[in-house]
Amino acid sequence: MFKYAEGSIWRKWDLHFHTPSSYDYNDKSISDELIIQKLKENKIEAVVITDHHVIDVDRIKSLKKIAKDCVTILPGIELRSELGGSESVHFIGIFPEDCDIDTVWAKLMGKLNLTPADIKRKGDDKIYCDLSISTDLIHSLGGFVSIHAGTKSNTLENITNALTYKQAQKTDIVKTIDIYEIGKSED
């Protein structure tokens with residue numbers, strides 16, 4: 001009758017996971033099969049693929065096929081914002097596992113200037129997306145927005161509190177964020 005008749009069950013999820021599709025991923029030889037194997041070994045039951053500036057539709061479809069029912073694969077994307085101090089603030093769009101991934105990626109690519117030609121012209125290290133425009137778009141496509149927070153790198157904390165308008169800016173930002181990603185439990 002019920003898939004899980006025993007009630008609530010704690011499961012391990014990874015909401016921020018990169019693959020060799022990220023421009024800055026060190027070992028491009030890692031296979032999709034090895035990724036799924038390692039996720040299973042670590043008992044990760046759901047993962048969001050959050051490569052930098054790209055949703056690799058073919059890779060995500062491949063990972064889903066390999067994972068079958070053992071690991072839920074959700075499409076996502078990590079973006080660099082225009083905000084921050086010496087380090088830019090990073091944020092992530094997370095989309096439902098059953099979304100029309102081709103349409104989601106096409107709309108993100110077009111509206112956020114993330115086409116292969118855009119990235120080639122600017123270079124991966126110079127790509128950034130307007131946080132407000134991006135979060136509105138992600139939400140309109142049925143997604144959630146996560147932002148780096150706490151002492152993690154590329155965090156919301158990189159926006160100074162020393163200036164009143166920066167404090168106001170942070171207040172506005174937090175109204176559009178669904179999830180705060182922290183790196184340490186003390187954060």
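A disulfide is taken here as a pair of cysteine sulfur atoms within 2.5 Å. The structure is a predicted model, in which local features need pLDDT of at least 70 and side-chain atom pairs count only at pLDDT 80 or more, while totals for chains, interfaces and linings use all residues. Residues are numbered from 1 along each chain as its sequence is written, and side-chain values use heavy atoms, with hydrogens and water left out.

Searching the whole structure for disulfides gives zero. For C99, which is in no disulfide, the nearest cysteine sulfur belongs to C129 and is 18 Å away. C99 is buried at a relative accessible area of 18%; buried means under 20%, exposed over 50%, and partly exposed in between, with a 1.4 Å probe and protein chains only. C70, with 47% relative accessibility, is partly exposed.

The next topic is the sheet. Helices (H or I, at least four residues) and strands (E, at least two) are DSSP runs, numbered from the N terminus, and two strands count as paired if DSSP finds at least two bridges between them. Strands of a sheet pair through backbone hydrogen bonds, either parallel or antiparallel. Here six strands make an open sheet with mixed pairing, in the order 1-2-3-4-5-6. Strand 1 and strand 6 (179–181) are at the edges with a single partner strand each, so one side of each has no neighbour in the sheet. Direction ignored, neighbouring strands of this sheet are turned by 30° against each other on average. Axes are lines fitted to C-alpha atoms, for helices over the stretch in contact, and angles run from 0 to 180 degrees between N-to-C directions.

Within the sheet, six bridges join strand 3 (residues 72–84) to strand 4 (residues 88–94) in the antiparallel sense. G84 is opposite S88 of strand 4. Helix 2 (residues 57–67) packs on the sheet and touches strand 2 and strand 3, with its direction at about 145° to that of strand 3. Contact means heavy atoms within 4.5 Å.

How many salt bridges does a search of the whole structure find? The number is eight, where a salt bridge is a side-chain nitrogen of Lys or Arg within 4 Å of a carboxyl oxygen of Asp or Glu. One of them joins the side chains of E45 and R11, at 2.8 Å from N to O. Because E45 lies in strand 2 (residues 44–49) and R11 in the segment before strand 1 (12–17), the pair ties together parts that are 34 residues apart in sequence. E45 is partly exposed at 33% relative accessibility, and R11 is partly exposed at 31%.

R121 and D118 form a salt bridge at 3.3 Å, N to O. Both are in helix 4 (residues 116–122), three residues apart, which means a separation of about one helical turn. R121 is exposed at 60%, whereas D118 is buried at 11%. Another salt bridge, at 3.8 Å from N to O, links D56 and R59. D56 is partly exposed at 24%, while R59 is buried at 16%. D32, D56 and R59 are linked in a network of salt bridges.

Two backbone angles remain. K43, which is not a glycine, has a positive phi of about 60°. K43 sits in the loop between helix 1 (32–41) and strand 2 and is exposed at 60% relative accessibility. N154, also not a glycine, has a positive phi of about 55°. N154 is in the loop between strand 5 (144–148) and helix 6 (164–174), and is buried at 16%.
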